[in-house]
Amino acid sequence: MGINLLPADGKVCSFDCVYCECGLNADYRAKTPMPTYEKVIKALEKKLIDMKANGPQPDVLTFAGNGEPTCHPDFARIIHDTLLLRNRYFPNAKVSVLSNSTFIKRPDVFEALKKVDNNIMKLDTVDEAYIRMLDRPVGNYSVADIVDTLKEFKGDCIIQTMFLKGSYKGKSMDNTTDEYVLPWIEAVKSIAPRQVMIYTIDRDTPGHELQKATPDELDRIVDLLSKEHIFATASY
């Protein structure tokens, strides 16, 4: 079951990725405010009560939505109460968060992410210039700081990385080559996550000249990670 903490009529994100299936930030400005903590928890409990009575039983409660869920000002409180509701209604369900990692230096966000079952955090490369072309962070951003904070999870985290090819505005966006993959693997080794998820483009993207990485390219990266004793999976 997906949970969206952001306005339903637009996108709110600290990245402006050229591959985002939600589109570019400027094209989908929200006109309504974020749902309040009270509204989120009330709606979630109502839905869980209905599912308890009528099914289906959820395997995972996933925070994602139209942008970055951890930017919600009450993210930590929402996670705390979601875990309580999960334990009450579906104790076997997992709680997952899909995050671009930009707010993990906030102590409340960091602690909340440590509590969920699956904290799935983005690290598309460790090349700062490339990230500014692909992920286009909004505001201050330092990939070195992000990696250092990811290390503080002490291995209890999941890293998710987009691999793709093609171009955007005349610049190559291919991050499947050793130029990008090998330094990224070194960073992943230092983070020592319990899992790495790699994937490629699946839906339409704002950058129409972007291309999918091939299964062989993704499998090669999984093999490189396996040689470093890092568990990894690929979605084609």
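Visitor: How are α2 and α3 oriented to each other: roughly parallel or roughly antiparallel?
Guide: Keep in mind that this is a predicted model. Here α2 and helix α3 (residues 107–115) pack at an angle of about 20°, with axes 8 Å apart. Angles under 35 degrees count as roughly parallel. So α2 and α3 are roughly parallel to each other.

Visitor: And how do the residues of the contact of α2 with α3 divide by class?
Guide: On the α2 side, Phe75, Ala76, Ile79 and Leu83 take part, and α3 brings Asp108, Val109, Ala112, Leu113 and Lys115. Sorted by class, the contact of α2 with α3 comes to 7 nonpolar, no polar and 2 charged.

Visitor: What about α1 and α2, is their crossing right-handed or left-handed?
Guide: Start with the packing: helix α1 (residues 37–54) and helix α2 (residues 75–89) meet at an angle of about 15°, their axes 10 Å apart. That makes α1 roughly parallel to α2. As for the handedness, α1 passes α2 in a crossing that is right-handed.

Visitor: Which strands each supply at least two residues of the lining of the largest pocket?
Guide: That pocket has a volume of about 710 Å³. Its lining counts 29 residues, with Tyr19, Glu21, Leu98, Gln160 and Tyr199 lying nearest the centre. The strands that each give at least two residues to this lining are β3 (94–99), β4 (118–122) and β5 (158–162).

Visitor: How many charged residues has the lining of the largest pocket?
Guide: Let's go through the classes. The lining of the largest pocket has 14 nonpolar and 9 polar residues. The charged residues in that lining number 6.

Key
Residues numbered from 1 in each chain as written. Predicted model: local features only at pLDDT ≥ 70, side-chain atom pairs only at ≥ 80, totals over all residues. Heavy atoms only, no water. 1 Å grid on protein atoms, 1.4 Å probe; cavity = no way out; pocket = protein on both sides within 12 Å on 5 of 7 lines; lining within 4 Å. Points joined across faces, edges and corners; volume = space filled by probe spheres on them. Helix = DSSP H or I, 4+ residues; strand = E, 2+ residues; numbered from the N terminus. Nonpolar A, V, L, I, M, F, W, Y, C, P; charged D, E, K, R; others polar. Axes fitted to C-alpha atoms, helices over the stretch in contact; angles between N-to-C directions. Parallel < 35°, antiparallel > 145°, perpendicular 65-115°, else oblique. Left-handed = near helix turned anticlockwise from the far one by under 90°. Contact = heavy atoms within 4.5 Å.
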